[in-house]
4 protein chains.
Amino acid sequence: MARIAILGASGYTGAELLRLTATHPGLDVAALTADRRAGAAMAEVFPHLRALDLPRLTRIEDVDWSGVDLAFCALPHATTQEVVKALPASLKVVDLSADFRLRDPAVYAEWYGHEHLAPELQQAAVYGLTEFNREEIRAARLTAGTGCNAAAGIYAVIPLLRAGVVDPDDIVIDLKTGVSGAGRAAKEATLYTEIAEGVHAYNVGRHRHTAEFDQEFSRAAGREVRCTFVPHLVPANRGILATVYVRGEAPAIHAALAEAYADEPFVVTLPLGEAPHTRHVRGSNYVHVSVVADRRPGRVMVFAALDNLMKGASGQAMQNANLMLGLPETQGLTAAPMFP
Amino acid sequence: MARIAILGASGYTGAELLRLTATHPGLDVAALTADRRAGAAMAEVFPHLRALDLPRLTRIEDVDWSGVDLAFCALPHATTQEVVKALPASLKVVDLSADFRLRDPAVYAEWYGHEHLAPELQQAAVYGLTEFNREEIRAARLTAGTGCNAAAGIYAVIPLLRAGVVDPDDIVIDLKTGVSGAGRAAKEATLYTEIAEGVHAYNVGRHRHTAEFDQEFSRAAGREVRCTFVPHLVPANRGILATVYVRGEAPAIHAALAEAYADEPFVVTLPLGEAPHTRHVRGSNYVHVSVVADRRPGRVMVFAALDNLMKGASGQAMQNANLMLGLPETQGLTAAPMFP
Amino acid sequence: MARIAILGASGYTGAELLRLTATHPGLDVAALTADRRAGAAMAEVFPHLRALDLPRLTRIEDVDWSGVDLAFCALPHATTQEVVKALPASLKVVDLSADFRLRDPAVYAEWYGHEHLAPELQQAAVYGLTEFNREEIRAARLTAGTGCNAAAGIYAVIPLLRAGVVDPDDIVIDLKTGVSGAGRAAKEATLYTEIAEGVHAYNVGRHRHTAEFDQEFSRAAGREVRCTFVPHLVPANRGILATVYVRGEAPAIHAALAEAYADEPFVVTLPLGEAPHTRHVRGSNYVHVSVVADRRPGRVMVFAALDNLMKGASGQAMQNANLMLGLPETQGLTAAPMFP
Amino acid sequence: MARIAILGASGYTGAELLRLTATHPGLDVAALTADRRAGAAMAEVFPHLRALDLPRLTRIEDVDWSGVDLAFCALPHATTQEVVKALPASLKVVDLSADFRLRDPAVYAEWYGHEHLAPELQQAAVYGLTEFNREEIRAARLTAGTGCNAAAGIYAVIPLLRAGVVDPDDIVIDLKTGVSGAGRAAKEATLYTEIAEGVHAYNVGRHRHTAEFDQEFSRAAGREVRCTFVPHLVPANRGILATVYVRGEAPAIHAALAEAYADEPFVVTLPLGEAPHTRHVRGSNYVHVSVVADRRPGRVMVFAALDNLMKGASGQAMQNANLMLGLPETQGLTAAPMFP
């Protein structure tokens, strides 16, 4: 049994990691931290986890790291850099924050508004999209979880850039995301009354996950790629749907996706012409990608649907942790989606 | 007092028209029809209308047309053609179906799969987007309500094509719509359990409202225009948000919208850089349009938000009926949006 | 035109009052206050009110009270007492907080945990349930808006106690309420993610509106009455459904309600055996009450459905303000419910 | 590996059974039937199950029963009786319909409106609430799944009647249920637009699950017990909350529940004074029961929360199948609830 700790266990991604441990045969939960809730039982913070046998929440400085093999770090942006820097070097780390996603310190500073506090770690971190960096992740000490929106766009686009079947200068990502991505912090903007029964775009043209698209798309294309990205908030707890408008030929695009994901356990390419629902991946680690031709020749829509708390965050993190710990990659992750 | 009839009063658009009559000082409801519910009181079909003093539902053939000035026709597609053809020629008609939206019979046949049954009426009908066809509507005998999705896209795009500030060959409309647009008929696809807590695209690249974009965009541009259009269903009773990706300069695009709608009572141009919420027009006849520049030069997002049952259907119909009846255009339509 | 001010216009009940003024022919909005948002336009705080011509938000101390006839006070509990005490004696006040609902200062102190700061006003205030205190409200200087939950229970029960058709010692009120009653303050407990897709009871057996039941039920029965009251939160923006379990005979109970509300413009008694939906009063000032006999002889369910922001708060306040200002009681309040 | 068939696999309970098989190590899916969808792949009927390796849908008459150990029967009421009667006698059957819940044929006929078509099976069937009938279920050939509402009420009440700590003549069950219990058939009443954003009571005082309360409560009390039961529909896919009003003393009631469920793997008794959320059992086989004292001496509220598709239907069925097949009772059922 590998022994894990979860830092920041009082947020939604922390809770989701714990949910996954309930049916994971290879992990033992050694420590859970949440500074403001230190001393509390998880059942007080998340009553849905009441049936699990879990340690009480502690403060990070009170964790005994001997015997912990891997830490999931689900802390806020910026805080994370200082915390991870202070962890024992022997500890493997799967981070779920934004702090280690961008390899270039200048790009980080531009999008996040301050110098990085652990630039050496930033450069050592592996970008955690398993399907594209599997071997590096297996060998990594520190994996950076991707942005949940970024993950959705990347699953739709990277194989197309690699295969050279779309125009890299004309990619528009219109994304619809559920609310849990905003976390559990109390904010007026994510009250039920402000979200239910409507839809709106936010951070239009300047969402921070755009920087991940720039980095990963450019890497895949072997040249600089800049896309247009507009996220929208929809009244759903979970789920991200990326609708990507590209130029190319639908059959070639579909073939590129199908080939790229042919052996992937969690990425399903739907038949050409179908469009995915976020409901059909809810609660699972699956991604559904698909392709539909527009009526206009040369215009194609590519879709990707995933659960932001799973493949967009905690499921992805668990998949990477399995690799880093030498466990079977899909262990604890094969639950089917929950519908309705 | 003008006397109106509503044909097809047992659907959502019929009910919405009745809701509007409750505070409309100039209208008297003379007749309500619903073939399958003939004989029923409206309170049985729509308990929320219980407090209104309304005639019982009848069959169309039992309506006494003498003394009826205007009929709202909220019947299904195709049926409508035959019904409207049989109405007294002296009766003004505001249709809410798809039957009279497309002026070209060949285009109609292509998108709807059969020859039009009343081609002479089809050509006489005025496309009911008040802001662009006000004087023709005032003089019309028959007004064709627009598709609710079409309305949203048109408010965002027509002024831009007229002003020549966008590239007409690169317009992508990504639209998110609430569920009431699908009507009250029992279908598996619109059950609560199939819609709640998720999002998906439907009729991708082949939604019938596309034909309205073709017709109206081409007319506005003075040349053939074909856009890409993908609608998505979101879990909300009401509301449509059109996110339109265009090429041009944001300030010029914003100016074109602001100028086009400067004197319009129901179309509000938000400050440059803001994005609208469907919640902020819910239940009202208002449209919020806005413009945000992308980080990529020459790329711009244009938004339009409206309530599909109001400005997208029954509110638009009432606004047109006011014009056709010589009543003040905004009468009965100035209620503020309902939020939350 | 009567001139009104709204104190606390940045909350949901303040916004709802403003929504009502949009179609109210007899009111002029003279001042709007919100201390933390002073200086802002209402469109910044509530974009759905953008189309209304409204004064900017100010601080209370900056309001010029000369020429203001009536103030709606939509401030938090406790603050209200001090604010209202300081208002000009000539100003009529309709309060929407909990501060003046309980006539007995000892009861107030018991339920709210501190001595009342304006006990003389507390005793002068009229409990604002229009149907039961119409003449006192007409003559009042200060009207106390009822608790929204309390309103729902009271509409179902008071006529039964007055008519003596139920056992006053066996009243159980199981209530389901929407989320907007919790206000716009950012709280973890009312985030979308914490509310959507589930239901739970809160403040079980100790909700503060219980004190209003005690006061009003005892007054109606002419003896002490104590009921059981359990509120539940359901995922809906608006709406309260009270399911009240009583002992008595259904026909007599139905007759008591029907008679009590026969001439009321906003309270509708449904036919015996029907049960109301909150959706059917949404956005309106209507209350639907109804009665269903249990299969067990002598057991009866009584229902009341209303919109918590309307008849449970701002609609009720407007109805009372109309009376206090000598305007027609229903002015600005006759909009039909919005469904769906 | 035990081999199972699912009859009626195109409905929600059938899909939920399949979801459970994905992580169940002891079951092999041998056959899936759905008469109207025979020939289809499950991915066409339920795209969320696309990643599972499942047989195509067939018609019941085409199933080869040799080698099938147990059939889950998720067919509509009445049809079920005829189907089960025709199944091989060697086949174990876990039924999820209403057909075998009521032991007394006269009671069945009274509540369901027709004579039972398989009265001998009706009497042999074991009522499938595992916690109360574990040994009989282990030995049964045919287990009758309980009503989902009935299950919720029974978990709250049976231990209290057995322990004699409540007045059996004064039990009121006010229940709130999600929409998936109504199934996947297209009905106007369960459209998104008819359900979202509101709450209402249905089948007031005459819901068929009442007959299960009568049967099981009377059995537990050793005398005739008749309760009052009112179900309400809330906008949620899953979840049932039963709020039960009883007379007794809270500590004794809490002790009775805690003792009854002390060794149960899926029933959790919350600390005295807490109230459960349906969200906290979503997607899992857990039941949360709890007790809160009313302010009125001798009055107590008892709560039970469960997921109607899990412990209220398919999870319960799987738990019983495990027993009938000699597998570990909790196998495939230990997934933690999904929140948010």
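# Close-ups of a predicted four-chain model

In chain A, the mean position of the 31 positive charges and the mean position of the 38 negative charges are 3 Å apart. That is the starting point for a tour of a model that is predicted.

**View 1. Chain A as a whole.** Let's begin with the overall build. Chain A holds 11 helices and 14 strands. Its radius of gyration is 19 Å, close to the 20 Å that the globule rule gives for 340 residues, so chain A is as compact as a globular protein of that length. Follow the C-alpha trace along its principal axes and you get a span of about 60 × 40 × 40 Å. How much of the chain counts as buried? The figure is 67% of the 340 residues of chain A. Now think about who touches whom: take the contacts in chain A between residues at least 6 apart in sequence, and 70% of them join residues at least 24 apart.

**View 2. Chains A and B, one copy turned onto the other.** Two copies of a chain are related by a rotation about an axis and a shift along it. For chains A and B, the rotation is 180° and the shift along the axis is 0.0 Å, which superposes chain A on chain B with an RMSD of 0.0 Å. The interface residues tell a matching story: 100% of those in chain A are also interface residues in chain B, so the copies meet through the same surface.

**View 3. Chains C and D, another pair.** Here a rotation of 180°, with 0.0 Å of shift along its axis, puts chain C on chain D at an RMSD of 0.0 Å. That is the relation of a two-fold axis. The same surface serves both copies, since 100% of the contact residues of chain C recur in chain D.

**View 4. A valine in strand β14 of chain D.** D:V300 sits in strand β14, which covers residues 299–306 of chain D. Is D:V300 buried or exposed? Its relative accessibility is 2%, and buried means under 20%, so D:V300 counts as buried. Look for its partners beyond the neighbours within four places in sequence: D:V300 is in contact with D:V244, D:Y245, D:V246, D:G248, D:E249, D:A250, D:I253, D:V291, D:V292 and D:D294. Pick out D:I253 from that group. D:V300 and D:I253 are 47 residues apart in sequence, yet 8.4 Å apart in space, C-alpha to C-alpha.

**View 5. A histidine of chain A that touches chain D.** A:H288 belongs to strand β13 (residues 287–293) of chain A. With 4% relative accessibility, A:H288 counts as buried. Which residues does A:H288 contact, leaving aside its neighbours within four places in sequence? Within chain A, the contacts are A:V268, A:L270, A:P276, A:H280, A:V281, A:F303, A:A304 and A:A305. From chain D, D:P47 and D:R50 are in contact with A:H288 too.

View 6. In chain A, look in the loop between α8 (192–195) and β9 (200–201) for A:E197. Phi of A:E197 is near 60°, a positive value in a residue other than glycine. A:E197 is buried, with a relative accessible area of 6%. Now hop over to chain B, where B:E197 lies in the loop between α8 (192–195) and β9 (200–201). B:E197 has a positive phi of about 60° although it is not a glycine. Its relative accessible area is 6%, and B:E197 is buried.

**View 7. An asparagine in helix α11 of chain C.** C:N320 has its place in helix α11 of chain C. At a relative accessible area of 1%, C:N320 is buried. What does C:N320 touch, not counting residues up to four places away in sequence? The list is C:G128, C:T130, C:I137 and C:T143.

**View 8. Cis peptide bonds in chains B and C.** In chain B, the peptide bond from B:F339 to B:P340 is cis, with omega near -5°. You'll find B:P340 in the segment after α11 (310–324) of chain B. Over in chain C, the peptide bond running from C:F339 to C:P340 is cis, and omega is near -5°. C:P340 is in the segment after α11 (310–324) of chain C.

Terms used
Residues numbered from 1 in each chain as written. Chains lettered and ligands numbered in written order. Predicted model: local features only at pLDDT ≥ 70, side-chain atom pairs only at ≥ 80, totals over all residues. Heavy atoms only, no water. Helix = DSSP H or I, 4+ residues; strand = E, 2+ residues; numbered from the N terminus. Rg over C-alpha atoms; globule rule 2.2 N^0.38 Å. Buried < 20%, exposed > 50% of the residue type's maximum accessible area, 1.4 Å probe, protein only. Contact = heavy atoms within 4.5 Å. Lys, Arg positive; Asp, Glu negative; His and termini not counted. Charge placed at Lys NZ, Arg CZ, Asp CG, Glu CD. Least-squares fit on C-alpha atoms with pLDDT ≥ 70 in both.
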